[in-house]
Amino acid sequence: MVIQQIGETAGRIWHTLDEEGELRVSTLKRQVDVPEPIVYMALGWLAREDKLEVKPQGRTFVVRLK
């Protein structure tokens with residue numbers, strides 16, 4: 001069940017970034033509205049699949065689709 005939720009969240013993240021463009025992780029977390037650990041696992045999933053660019057910005061990170 002958790003793996004399915006992570007996969008669904010990865011899809012939501014992908015669609016959000018596709019529509020909005022580059023976002024701070026904090027903004028992305030608010031927009032997908034799922035528990036924080038699931039968001040981070042979904043980001044890891046997308047990063048492992050080489051679908052994201054992640055760069056530090058101050059004390060946070062910015063993500064965008066490749």
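These are my notebook entries on a predicted model.

**Entry 1**

Three of them form an open sheet in the order 1-3-2, with antiparallel pairing. The edges are strand 1 and strand 2 (52–57), each of which pairs on one side only. I then looked up how strand 1 meets strand 3 and found antiparallel pairing over two bridges. Arg24 has Val62 in strand 3 as its bridge partner. Helix 1 packs on this sheet and touches strand 1, strand 2 and strand 3. The direction of helix 1 makes about 85° with that of strand 3.

**Entry 2: helix 2**

Which residues of helix 2 (residues 25–32) are buried? I noted Val25, Thr27, Leu28 and Val32. Seen down the helix axis, the buried residues of helix 2 fall within an arc of 155°, so they line one face. I also checked what covers them: the cover includes helix 1 (2–20), strand 1 (23–24), helix 3 (36–48) and strand 3 (60–65). Just after helix 2, Asp33 takes a positive phi of about 50°.

**Entry 3: the core**

The largest nonpolar core has 17 residues. Those that touch the most other members are Ile13, Leu17, Leu28, Val32, Val39, Leu43 and Leu52. Helix 1, helix 2, helix 3 and strand 3 are the elements that give two or more residues to this core. Helix 3 supplies the largest share, five residues.

Leaving aside neighbours within four places in sequence, Leu52 is in contact with Leu17, Leu43, Leu46, Ala47, Arg64, Leu65 and Lys66.

**Entry 4: salt bridges**

How many salt bridges does the structure hold? I found four, and looked up several of them.

Glu22 pairs with Lys55, with the closest N and O atoms 3.5 Å apart. This pair links distant parts of the chain: Glu22 lies in the loop between helix 1 and strand 1, Lys55 in strand 2, 33 residues apart. Glu22 is partly exposed at 37% relative accessibility, and Lys55 is partly exposed at 39%.

Lys66 and Asp50 meet in a salt bridge at 2.4 Å, N to O. Lys66 sits in the segment after strand 3 and Asp50 in the loop between helix 3 and strand 2, 16 residues apart. Lys66 is exposed, with a relative accessible area of 57%, whereas Asp50 is partly exposed at 48%.

Lys29 and Glu36 form a salt bridge at 2.6 Å, N to O. Lys29 is partly exposed at 23%, and Glu36 is partly exposed at 42%.

Conventions: Residues are numbered from 1 along each chain as its sequence is written. This is a predicted model: local features need pLDDT of at least 70, side-chain atom pairs count only at pLDDT 80 or more; totals for chains, interfaces and linings use all residues. Side-chain values use heavy atoms; hydrogens and water are left out. Buried means under 20% relative accessible area, exposed over 50%, partly exposed in between (1.4 Å probe, protein chains only). Helices (H or I, at least four residues) and strands (E, at least two) are DSSP runs, numbered from the N terminus. The arc is that of the directions from the helix axis to the C-beta atoms. Contact means heavy atoms within 4.5 Å. Two strands pair if DSSP finds at least two bridges between them. Axes are lines fitted to C-alpha atoms, for helices over the stretch in contact, and angles run from 0 to 180 degrees between N-to-C directions. A nonpolar core is a set of buried Ala, Val, Leu, Ile, Met, Phe, Trp, Tyr and Cys residues joined through side-chain atoms within 4.5 Å. A salt bridge is a side-chain nitrogen of Lys or Arg within 4 Å of a carboxyl oxygen of Asp or Glu.
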